Amino acid sequence: MTSRLAPFHTLEIRDLSVRAGGREILSGIHADIRCGEVTALIGPNGAGKTTLLLAILGLVPYAGEIRFCRAEEHGKGTPRIGYVPQRIDLDRNAPMTVLDFYALSSQRFPVFLGRSRKSRADAEAALNRGGSGHLIDRPLGKLSGGELQRVLLALALRDNPDILLLDEPVSGVDASGEELFCDFLDQIHRESRFSLLLVSHDLSVVTRHADRVICLNRSIVCQGATTEVLTPETLCAMYGSGAHLFSHGPSDGHGHLHGEKNE
Amino acid sequence: MESLLSLVYSLMDRLLPLSFAEPAFMKRALLAVLFVAPAAAAVGVPLVQFRMAFFSDAIGHSAFTGVALGVLLGIHPLLTMVAFGLFVAYAITLVKGRTGLSPDTVIGVFFSTVIALGIAIISAQKGLTRNLQAYLYGDLLAISGVEVLWMSALSLAVAVYLFLAYNRILLLGVHEEFARSLGVRGRALEISFSLVVALVVTTAIRAVGILLVTALLVVPAAAARNVARGAATAFWIAIAISLASGLAGIAASYYFDTATGATIVLFTAAFFALTALLRLARGETT
């Protein structure tokens, strides 16, 4: 692989700013998402994390530049971006099964004429990959938070994205659901090596999974390798003095970090 | 045109040898319901998911002003009613998108403005009220052959639109940004759907009237939600309920001498009650 940039960047953000309603939500953002790495985006509520994801998706207008660069292994053309939004407020009574939901974006003819055999096969394959094949005929509105996240992730991964954007994937998910989700994410990330940009409040998830961290609060607070960035000083600067770190002790080899936000 | 209709009428005489279906005006009413009711119910399914019942009501009431404008300008009120309904639908969708205000606020503002304008026009023009009666309560039995043809064209157009856009509309209804990340063009789709709803609402007003038109869109879809788990089932149950209510409503109104539009809506309400009981019996409460 020949590249002018080392390591290869999938995404280069240069002097990005986003305004909405006469207010600057993001300004002067310079950041790189490296190829195949897991980058965590952390910051307090209202820091503009979701807005940054939406800008990358091209769903909000912005000033500055977002450049997509493709590694040779991914071929030419614009990169595919998968997206899993933050907790969705679902219509609990919507007459729609997981398979219906999947078919909405995978078949050309309308779902009221039925679902194609290919839709079902594709949905089964994608869901089984994440161990949630049993959800296929369940009503979408009746899924638990964790189940819904896995369904959304399966859909986002369907077209083998070059970049995957996850917005608070484990918020509102119980501990066992969180573990399932993280294990699944680890497994598919090892298989497909897409670049992952992960918004999370949960610092234990960040330290366990992220190669790099971007701290955001309207502008970049700091960025770099996870171990360098996640220091008590940076956390204190971002979240206030309530944030603290502690280790699980020597028996736990990698020493988890926990952050807690006190208002 | 007329020969086509008379061919349809003679066909109906063969298929429906019922006494109430004998007069030509009854045949036109039956045809109108066969075209309009399923179109309204089909559009109603995503409409309910979008929580747009209030929007549909606002468009229905804009027809009041549309008709008044037509009489004032000397244009056929049917034309001004449809045109004005489309205009209001577009304006609501545009203002909602630009200001970021909540839908019910924007609709509430338009709703009252439009009604106020209508009342202002009517109060200045004596003798307009009689003209409006047919639109307020609907007048299914007075529908002309041309209107029946217009309704058939409308239901065909709605079928084509839903065939092309249904999946994307439902996806947008689940989560806007997620749908857009999958390539759904949200704004364009929202505007086109609003316009289709406006077209269906203003057309259906001739059948059931301004006051009841939203029921024709919302109630069958709401009833279908009570019993359907999947998207396809919900769609077809809503259409079946709208057709059954339409035909039963016409027959019942003929025998009991009640207003046709209101009778049809009462049948849809009965279906809603029935499906709600079925849902309770199955023990689903949430």
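Modeller: In this predicted model, B:Phe87 has a relative accessibility of 51% and therefore counts as exposed, the cut-off being over 50%. B:Phe84, by contrast, counts as buried because its relative accessibility is 12%. Both residues belong to helix H4 (residues 77-99) of chain B, where they are three residues apart, about one turn of the helix.

Over all chains, the count of aromatic pairs is ten. One of them is edge-to-face and joins A:Phe112 to B:Trp236, with 6.0 Å from centre to centre and 85 degrees between the planes. This pair crosses between chains: A:Phe112 lies in the loop between helix H2 (98-104) and helix H3 (117-129) of chain A, and B:Trp236 lies in helix H11 of chain B. A:Phe112 is buried, at 8% relative accessibility, while B:Trp236 is partly exposed, at 40%. Ring pairs also bring B:Tyr166 and B:Phe235 into a cluster with A:Phe112 and B:Trp236.

B:Trp236 also contributes to a nonpolar surface patch of about 620 Å², together with A:Leu113, B:Leu156, B:Val160, B:Phe163 and B:Leu164. Helix H7 (residues 145-174) of chain B supplies the largest share of that patch, four residues.

A:Arg158 lies over the face of A:Tyr102, 5.1 Å from the ring centre, and the charged end of B:Arg206 is placed over the ring of B:Tyr135, at 5.6 Å from its centre.

Definitions and conventions:
Residues are numbered from 1 along each chain as its sequence is written. Chains are lettered from A and ligands numbered from 1 in the order in which they are written. This is a predicted model: local features need pLDDT of at least 70, side-chain atom pairs count only at pLDDT 80 or more; totals for chains, interfaces and linings use all residues. Side-chain values use heavy atoms; hydrogens and water are left out. Patches are made of residues with over 30% relative accessible area and no salt bridge: like charges are joined within 9 Å, nonpolar side chains (Val, Leu, Ile, Met, Phe, Trp, Tyr) within 5 Å. Accessible areas come from the Shrake-Rupley method with a 1.4 Å probe; for residues, only the protein chains shown count as cover. A salt bridge is a side-chain nitrogen of Lys or Arg within 4 Å of a carboxyl oxygen of Asp or Glu. Helices (H or I, at least four residues) and strands (E, at least two) are DSSP runs, numbered from the N terminus. Rings of Phe, Tyr and Trp (its six-membered ring) pair if their centres lie within 6.5 Å; planes under 30 degrees apart count as stacked, over 60 as edge-to-face and the rest as tilted. Buried means under 20% relative accessible area, exposed over 50%, partly exposed in between (1.4 Å probe, protein chains only). A charge sits over a ring if NZ of Lys or CZ of Arg is within 6 Å of the ring centre and within 35 degrees of the ring normal.
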